[in-house]
Number of protein chains: 2
Amino acid sequence: MKWYVASGPDGDVVISSRIRLARNIKGYPFANALSDIQSKEVLEKCKKASQPLKLKYLSMETTPATKRQMLLECHLISPEMLNDTKNKAVLLSDDEQTSILLGEEDHIRIQCMKPGLNLSEAFSLADKTDDVLEETLDFSFNPRFGYATCCPTNTGTGLRASCMLHLPAITYTGYIDTLLATVGKLGMTVRGVYGEGTKAKGNMYQISNQITLGIDEQDSVKRLHELVKMVAEKERNMQETMEKESGNKLADTIWRSYGILKNARMLTSEEAYKLLSDMRLGVNLGILTNVPIELINELIIITGPAHIADKCTENTHQNRDKTRANIVRRK
Amino acid sequence: MKWYVASGPDGDVVISSRIRLARNIKGYPFANALSDIQSKEVLEKCKKASQPLKLKYLSMETTPATKRQMLLECHLISPEMLNDTKNKAVLLSDDEQTSILLGEEDHIRIQCMKPGLNLSEAFSLADKTDDVLEETLDFSFNPRFGYATCCPTNTGTGLRASCMLHLPAITYTGYIDTLLATVGKLGMTVRGVYGEGTKAKGNMYQISNQITLGIDEQDSVKRLHELVKMVAEKERNMQETMEKESGNKLADTIWRSYGILKNARMLTSEEAYKLLSDMRLGVNLGILTNVPIELINELIIITGPAHIADKCTENTHQNRDKTRANIVRRK
């Protein structure tokens with residue numbers, strides 16, 4: 001099952017967990033210094049090494065822009081792969097829980113996603129994938145510094161763990177600023193998932209580890225797990241307080257968002273995110289009882305601009321907003 | 001059936017038609033010059049004369065303020081009766097289509113309301129009521145000037161005819177300004193029903209005749225009928241044009257209004273009027289098909305501040321908005 005149509009542990013707050021491992025093949029310079037021939041060699045080697053995993057190989061050069069944007073909206077490729085497609089590819093599992101990015105900053109980036117707070121399962125999936133590749137590939141590894149990576153912040157474990165969280169109460173109350181500062185001190189980062197500013201679209205945030213050198217992989221993942229667990233607890237408490245303090249006002253906002261989503265004939269992606277975020281909060285507070293949270297998670301992904309554009313025969317702004325509203329209503 | 005839960009001819013645009021006859025009893029000064037004893041005599045005479053009509057007698061002095069406000073929201077008493085209740089009363093029929101205001105500016109004001117554009121039926125009902133009263137009462141009448149009334153603009157026929165119209169397209173397109181000017185030249189007036197400014201709350205307007213001296217009753221009513229018929233036709237044309245030109249945007253607005261009304265947990269009276277007005281337009285355009293227009297007409301009345309206050313155990317602002325939303329949702 002695709003990671004975004006399922007719900008996992010602490011799924012009320014944590015949408016998904018992701019583990020990313022950066023690897024580079026011995027005997028080749030980093031991706032940005034590779035010649036065209038070397039690049040193609042690296043792609044070929046990786047493709048071959050991944051055969052036991054039975055992944056689908058997608059060359060970015062031959063994948064249309066809309067499809068690439070859709071992969072990005074599902075968090076399966078990096079933003080860089082949207083514009084620079086040369087000698088880049090991705091290996092995808094059917095359930096889209098595993099994606100291997102090739103020809104990025106590092107030769108290989110293994111990404112494993114699991115719904116909810118489930119870093120350990122994402123980690124073991126990434127670890128197994130890494131083991132399969134390592135059977136035939138020889139990775140650059142230094143006994144003192146660990147895995148060599150292009151960007152020094154990844155050197156060491158070559159691991160980046162992250163969780164996507166839905167934090168409406170922490171955002172609305174302004175506590176997000178305190179959280180941003182605190183998390184930074186712990187060597188982790190928080191950033192909006194769908195937006196650039198501090199106020200993330202749809203109140204979605206990504207918390208990830210930053211320190212990779214000098215701590216072992218398991219420890220790094222455990223620290224992030226504990227932090228996310230704490231943030232989720234805080235979000236729950238703040239949701240309860242918010243509900244108590246707002247009286248009928250919060251319920252009113254949530255029901256209106258539901259009413260608009262269910263009836264609108266045109267929806268921009270920005271408004272859809274906002275309304276879906278309100279609904280998600282409503283489900284968590286038990287205000288909306290007949291809407292499964294997995295459906296909202298799915299809608300957040302499939303109402304993305306490229307997912308909608310893919311369904312439009314005539315790809316105009318108006319038509320996209322209309323199609324988006326139709327899809328939401330049908331669901 | 002109460003006039004506001006039914007629909008009549010041209011009911012898509014015309015909510016109701018009203019005929020008002022002003023009468024004064026011979027041998028008494030106008031109401032504002034009556035002594036207390038005279039006032040009570042007039043009330044008693046009228047009450048007695050109305051007995052064959054089997055109307056309910058409500059003394060304004062003993063009727064609570066909320067109930068008086070409710071009568072006003074149903075257009076059954078005048079705004080003046082809200083604050084000045086001394087020696088004032090109203091005689092009401094069960095179906096609330098006939099109300100006789102006593103002790104107003106004139107001794108007697110007979111008001112008859114019918115749903116839709118139906119001035120002739122309202123007129124014959126008022127005429128019959130007038131006849132019954134005249135059997136025992138002697139009205140001031142001058143062969144040259146007609147019925148004597150307190151306010152000179154009513155002298156003559158003592159008749160005032162008016163229609164309540166829902167004109168969303170004429171309002172949104174700004175054509176209302178032209179209409180206001182034109183109607184004035186024809187000796188009629190247009191004013192907002194639920195608001196003071198030019199932009200009437202809920203896009204509801206009242207068009208009424210102004211000239212009473214020198215034209216006979218039937219002619220006066222006929223002229224108003226023709227004007228209202230024309231305005232209704234104009235509104236329909238503009239609704240169609242608006243729908244065509246706006247593409248999906250108008251349908252989107254209407255469906256959102258429907259979604260909010262159906263789901264909100266708090267509604268101010270102002271917002272309720274606006275949303276109900278949008279819905280009414282949606283029904284007329286065939287966009288909303290499962291909502292009877294009579295229900296919207298009824299909601300416009302029963303979501304008025306006093307109707308809601310009457311249903312609240314705790315009469316706070318918040319509680320009223322909550323009760324209003326509950327009533328709308330249930331309906």
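Guide: Buried area is the accessible area (1.4 Å probe) that two parts lose on being put together, summed over both. By that definition, domain 1 of chain A and domain 2 of chain A bury about 1900 Å² between them, and 64% of this area is on carbon and sulfur atoms. The model is predicted: local features need pLDDT of at least 70, side-chain atom pairs count only at pLDDT 80 or more, and totals for chains, interfaces and linings use all residues. Residues are numbered from 1 along each chain as its sequence is written, chains are lettered from A and ligands numbered from 1 in the order in which they are written, and side-chain values use heavy atoms, with hydrogens and water left out.

Domain 1 of chain A spans 3-236 and domain 2 spans 249-330; such bounds come from an automatic or database domain assignment. Taken over C-alpha atoms, the centres of the two domains of chain A are 27 Å apart. Contact (heavy atoms within 4.5 Å) involves 23 residues of domain 1 of chain A and 22 residues of domain 2 of chain A.

Across this interface of chain A the rule finds 0 salt bridges, a salt bridge being a side-chain nitrogen of Lys or Arg within 4 Å of a carboxyl oxygen of Asp or Glu. On the side of domain 1 of chain A that touches domain 2, the residues divide into 12 nonpolar, 8 polar and 3 charged. Here Ala, Val, Leu, Ile, Met, Phe, Trp, Tyr, Cys and Pro count as nonpolar, Asp, Glu, Lys and Arg as charged, and the others, Gly among them, as polar.
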